Amino acid sequence: MIMRRICYLCAVTISAGLFLACQTEPDSAELIDQMVVSTNYDPEADFTAYTTYAIPSDTIGFRSNNSSDTIITSPESTFPRHVLSAIRNNLEARGYTRVDRNQDPDLGVNVMVVNDFNVFQEIVYPNYYGYPGNYYSGYYGYGSYYYYPYVNTYAYNTGVLIIEVLDLRNRTADNKVRVVWDAYLGDVYSTIDRLAQSADGIDQAFTQSPYLGKQ
Amino acid sequence: MIRYTLLLIFLCSSALLRGQEKYIYLNLDVNKPMSNTAWIEDISFSAGKLGYRGFIRPNFSAGLDVGWANFDQYEPTSTKQNPTGAITTDYFHYIYSYSAVVSGQYYFKDEDEDRFFPYAGMGLGANTNEYVLYYNIYEDTERSWGFLARPEVGVLFRFTERGSLGIMAAVHYDYSTNKSEKFAYSNFSALGFQIGLMSMSF
């Protein structure tokens with residue numbers, strides 16, 4: 001009896017261990033609870049020399065492989081106003097003053113979302129019980145049950161929020177401008193709280209860019 | 001699916017091998033990474049080993065061992081600077097490791113001993129590691145192969161003199177030439193302790 005209990009205990013322990021030993025991945029909620037924030041800057045730019053900037057108030061750009069839309073606007077979405085407000089607050093805190101585009105700003109701010117829409121399909125072969133399986137459990141015409149395979153279609157969006165700061169003061173003769181600072185925040189589609197995480201990400205982009213500012 | 005397959009192999013083999021001089025085992029494996037611990041140093045409890053060993057001499061066996069292990073470690077949010085910028089995120093470091101070795105064991109036992117079998121052995125084979133760095137929806141991966149050497153000491157203990165089932169426990173050290181340039185592994189090594197069920201017949 002004791003041996004049987006030991007065997008049973010060992011079998012349960014091994015089963016639990018083997019279950020844990022399957023190829024695990026991080027918890028998705030933990031993965032997407034904050035955005036990846038990447039920033040780059042032009043080392044030749046003198047950020048203390050700029051004074052003013054221009055930025056839209058309720059519209060951000062949109063690039064997608066699934067939509068012909070080129071902008072996201074308020075009030076269709078609360079996202080643009082929220083994002084633009086967070087950027088403005090950070091630029092003001094660094095000593096820059098917002099002006100209209102026709103007031104010859106030193107800096108221009110482009111904000112856009114680049115969306116990548118992905119689709120993939122898989123063929124599901126139901127088993128004897130009608131549940132999905134990876135094989136045929138019966139052969140048609142030989143007295144066993146047969147369920148026609150069906151196709152599952154999955155689609156998901158990924159997207160990056162891009163903020164670009166352009167040097168409008170030093171435009172070239174043919175009216176070209178340099179990007180002196182940019183920030184990439186992702187993913188903006190897979191989030192727990194998109195607005196809060198976007199605002200946190202924008203704050204972080206400025207925090208990790210201490211060279212930005214009048215001082 | 002793999003766990004049920006392995007369990008089925010173990011149960012079927014234990015019946016088929018009855019009366020022959022061989023044993024099979026299915027063990028849980030606990031591993032402590034010993035190389036590049038800056039990337040992963042946490043102990044892994046998510047691993048297993050399955051093996052078949054036949055006695056070719058009264059005190060010597062040879063066989064095949066396969067193993068699998070998942071290593072992981074969380075890196076809290078940090079900002080990494082580069083010459084023209086910075087990146088901030090948290091990271092999940094993972095290694096998915098699979099191994100197969102041909103092994104030989106020497107048993108320190110008397111001829112009339114049939115329940116307790118301490119042994120020392122060596123396994124030689126190969127392993128493949130998949131190194132994965134997860135961050136948000138993104139991931140960087142690298143897979144590589146390496147030669148694997150596995151010295152091992154352990155003990156087999158049969159529950160009863162007549163029964164085939166017993167316990168196996170062993171300590172092993174894995175050294176592999178498995179490299180990852182992306183994640184700074186010049187080799188891969190781990191110290192492990194395994195324990196589980198074995199089925200033996202003499």
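Biologist: What kind of crossing does H3(A) make where H3(A) passes H4(A)?

Modeller: A right-handed one. Bear in mind that this is a predicted model, so every value here is computed from predicted coordinates.

Biologist: Why are H3(A) and H4(A) called roughly parallel to each other?

Modeller: Look at the angle. Helix H3 (residues 79–93) of chain A and helix H4 (residues 194–207) of chain A pack at about 25 degrees. Angles under 35 degrees count as roughly parallel, and therefore the label for H3(A) and H4(A) is roughly parallel. The axes of the two helices are 9 Å apart. You want both values, as packed helices are described by the angle between their axes and the distance between the axes.

Biologist: Which residues of H3(A) and H4(A) meet?

Modeller: On the H3(A) side, A:Phe79, A:His82, A:Val83, A:Ala86, A:Ile87 and A:Asn90. On the H4(A) side they meet A:Arg194, A:Leu195, A:Ser198, A:Ala199, A:Ile202, A:Asp203 and A:Phe206. Sorted by class, that contact has eight nonpolar, three polar and two charged residues.

Biologist: A:Phe206 is in that list for H4(A). Now to the segment after H4 of chain A, where A:Leu212 sits. What makes A:Leu212 count as buried?

Modeller: Count its neighbours: A:Leu212 has 24 C-beta neighbours inside 10 Å. The cut-off for buried is 20 or more, so A:Leu212 counts as buried.

Biologist: Which residues does A:Leu212 touch, not counting those up to four places away in sequence?

Modeller: A:Phe47, A:Arg94, A:Trp181 and A:Phe206. There's also A:Asp46, 166 residues from A:Leu212 in sequence, with the two C-alpha atoms 8.9 Å apart in space.

Biologist: Over in chain B, how many bridges join S2(B) to S3(B)?

Modeller: 11, between strand S2 (residues 46–57) and strand S3 (residues 60–82), which run antiparallel. One bridge has B:Tyr52 with B:Leu64 in S3(B) as its partner. These strands form a hairpin with two residues between them.

Biologist: Over how many bridges does S3(B) pair with S4(B)?

Modeller: 21, again antiparallel, with strand S4 covering residues 85–107. B:Lys80 stands opposite B:Ile87 in S4(B), and a hairpin joins S3(B) to S4(B) through two residues.

Biologist: B:Ala86 is in strand S4 of chain B. What makes B:Ala86 buried?

Modeller: B:Ala86 has 20 other C-beta atoms within 10 Å. The rule reads 20 or more, so B:Ala86 is buried. Beyond neighbours within four places in sequence, B:Ala86 is in contact with B:Thr79, B:Lys80 and B:Gln81, and also with A:Thr39 and A:Gln208 of chain A.

Biologist: What share of each chain counts as buried?

Modeller: In chain A, 25% of the 215 residues; in chain B, 38% of the 202 residues.

Biologist: And what does the secondary structure of each chain come to?

Modeller: Chain A has four helices and nine strands, while chain B has one helix and eight strands. Read along the sequence, chain B follows α-β-β-β-β-β-β-β-β. Among contacts with a separation of 6 or more, residues 24 or more positions apart account for 73% in chain A and 57% in chain B.

How values were computed. Residues are numbered from 1 along each chain as its sequence is written. Chains are lettered from A and ligands numbered from 1 in the order in which they are written. This is a predicted model: local features need pLDDT of at least 70, side-chain atom pairs count only at pLDDT 80 or more; totals for chains, interfaces and linings use all residues. Axes are lines fitted to C-alpha atoms, for helices over the stretch in contact, and angles run from 0 to 180 degrees between N-to-C directions. Angles under 35 degrees count as roughly parallel, over 145 as roughly antiparallel, 65 to 115 as roughly perpendicular and the rest as oblique. A crossing is left-handed if the near helix is turned anticlockwise from the far one by less than a right angle, and right-handed if clockwise. Two residues are in contact if their C-beta atoms, placed from the backbone, lie within 7 Å. Ala, Val, Leu, Ile, Met, Phe, Trp, Tyr, Cys and Pro count as nonpolar, Asp, Glu, Lys and Arg as charged, and the others, Gly among them, as polar. Two strands pair if DSSP finds at least two bridges between them. A residue is buried if 20 or more other C-beta atoms lie within 10 Å of its own, exposed if 12 or fewer, and partly exposed in between; C-beta atoms are placed from the backbone.
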